[in-house]
Amino acid sequence: MSVVMMAGTPPLSELSSHLLQEQSETTFVNNYPQLTVLRSNNQIRWLQTILRNDKTEHGDFVFNADRLIRLVIEDALNFLPTHDKTVYTPKGMAYEGKAFNKGNCGVSIVRSGEAMEKSLRECCRSIRIGKMLIRHDDEESCKGKPPKVIYVRLPPDIADRNVLLMYPLMNTGGTIHQSIKELKKNNVKEDRIIICTLFVTSNSIRHVLGDFPKVRILTTEVNDDCALHFGERYFGTDK
C-alpha cells in the first residue's frame, strides 16, 4: 500500500514521533486522575513551539507566553467551587447562571511564577495573591536535599481559601513540592490546591502526586524535555 503525502505535510517520522508522544501522554495522564492536561490543538502546539524555539525574540516570547498562561488560568477557574445564581436580563427574563464562591486566592513562586499573575488578575481583578521564594542550593541539591524556603507572604486567612499555585515549569517537582509543604504548614488542605503550570515532566508528577495525591495539577504538556530557562527568557535576563 502506498502513502500519498500532500504538499506541506510533515515527514512520516515526525508525525509518528508526535503521535507516540500523544499516546504516551494520554496513558500517563490516565494513571493520575488529579492531573489535567489541556486538550492539544493547533493553537496550543503553536504557542508551545514558539516558547521552545531558542530563536524566539524576547517580545514574541512574552506575548505568546502570556497567551498560553491565560489558557491555563482560564481552565483552572473551572475547578473552583461555584453556586447557582439567578439574574435578570434587560428584558426582565430570569437567567439561571453560576457565580464563584468567595474565598479564592493565588500564590506565585518567585520569580517565574510572577509571570502568571497578570493573567490571573485579568480573570479575577480583585483576587489576593501571595508569594513564595524557594531557592535551590546547587551543592545541597547534589546531596539530595530539598530546596530552601527563603520568603513567604500569604493572605492571613489562606487556610479558608482555594489556592491557585502558579509556577510555569515542573522539572523535578522539588520547588512545587516544597511550596505545598509550606501551604500545609499554613493549614491549607491538599484538595484546595490547584497547581497552574505550563510544562511538566513525568518524574515531577510522580514526585508531587506521590506525596500529595489530593492536589490538582493543570498543565499544557507532559514532556521529559522540559522547557527550561522560562523565567530568564520571560523577564529578559537570559542574555
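1. Ground rules. This is a predicted model, in which local features need pLDDT of at least 70, side-chain atom pairs count only at pLDDT 80 or more, and totals for chains, interfaces and linings use all residues. Residues are numbered from 1 along each chain as its sequence is written, and side-chain values use heavy atoms, with hydrogens and water left out.

2. Start with the open sheet of 7 strands, whose order is β1-β11-β9-β7-β4-β5-β6, with mixed pairing. Its edge strands, pairing on one side only, are β1 (35-37) and β6 (148-153). On average, neighbouring strands here are turned by 20 degrees against each other, direction ignored. A word on terms: strands (E, at least two residues) and helices (H or I, at least four) are DSSP runs, numbered from the N terminus. Two strands pair if DSSP finds at least two bridges between them.

3. Following the bridges. β1 pairs with β11 (residues 216-219) in the parallel sense, over 3 bridges, and Leu35 stands opposite Ile217 in β11. Next, β11 and β9 run parallel and are joined by 3 bridges; here Ile217 of β11 is the bridge partner of Ile195. Then β9 pairs with β7 in the parallel sense over 4 bridges, with Val163 opposite Ile193 in β9.

4. Which way do the side chains of β11 point? Arg216 and Leu218 go one way, Ile217 and Thr219 go the other way, and all are buried. Buried means under 20% relative accessible area, exposed means over 50%, and partly exposed is in between (1.4 Å probe, protein chains only). In a regular strand the side chains alternate between the two faces of the sheet. β9 is covered on both faces too: Ile193 and Ile195 on one side, and Ile194 and Cys196 on the other, are all buried.

5. Contact means heavy atoms within 4.5 Å. Axes are lines fitted to C-alpha atoms (for helices, over the stretch in contact), and angles run from 0 to 180 degrees between N-to-C directions.

6. Strand β10 (residues 199-200) is joined to β12 by 2 bridges, and Phe199 stands opposite Glu221 in β12.

7. Aromatic rings. Rings of Phe, Tyr and Trp (its six-membered ring) pair if their centres lie within 6.5 Å; planes under 30 degrees apart count as stacked, over 60 as edge-to-face and the rest as tilted. That rule gives 3 aromatic pairs. One of them, Phe230 with Tyr234, is stacked, at 5.8 Å centre to centre and 20 degrees between the planes. Both residues sit in helix α8 (residues 230-235), 4 residues apart, about one turn of the helix. Why is the pair of Tyr234 and Phe235 edge-to-face? Their ring centres are 5.1 Å apart and their planes are at 75 degrees, so the pair gets that label. Tyr234 counts as buried because its relative accessibility is 11%, whereas Phe235, at 33%, counts as partly exposed. Ring pairs link Phe61, Phe230, Tyr234 and Phe235 into a cluster.

8. An arginine worth a look. Arg161 is in the loop between β6 and β7, and it counts as buried because its relative accessibility is 12%. Its side chain joins that of Asp157 in a polar contact of 2.9 Å. A polar contact is a pair of N or O atoms within 3.5 Å; within protein, one must be able to donate a hydrogen and the other to accept it, and residues adjacent in sequence count only if both atoms are side-chain atoms. Leaving aside neighbours within four places in sequence, Arg161 is in contact with Gly103, Asn104, Cys105, Arg128, Pro155 and Arg192.
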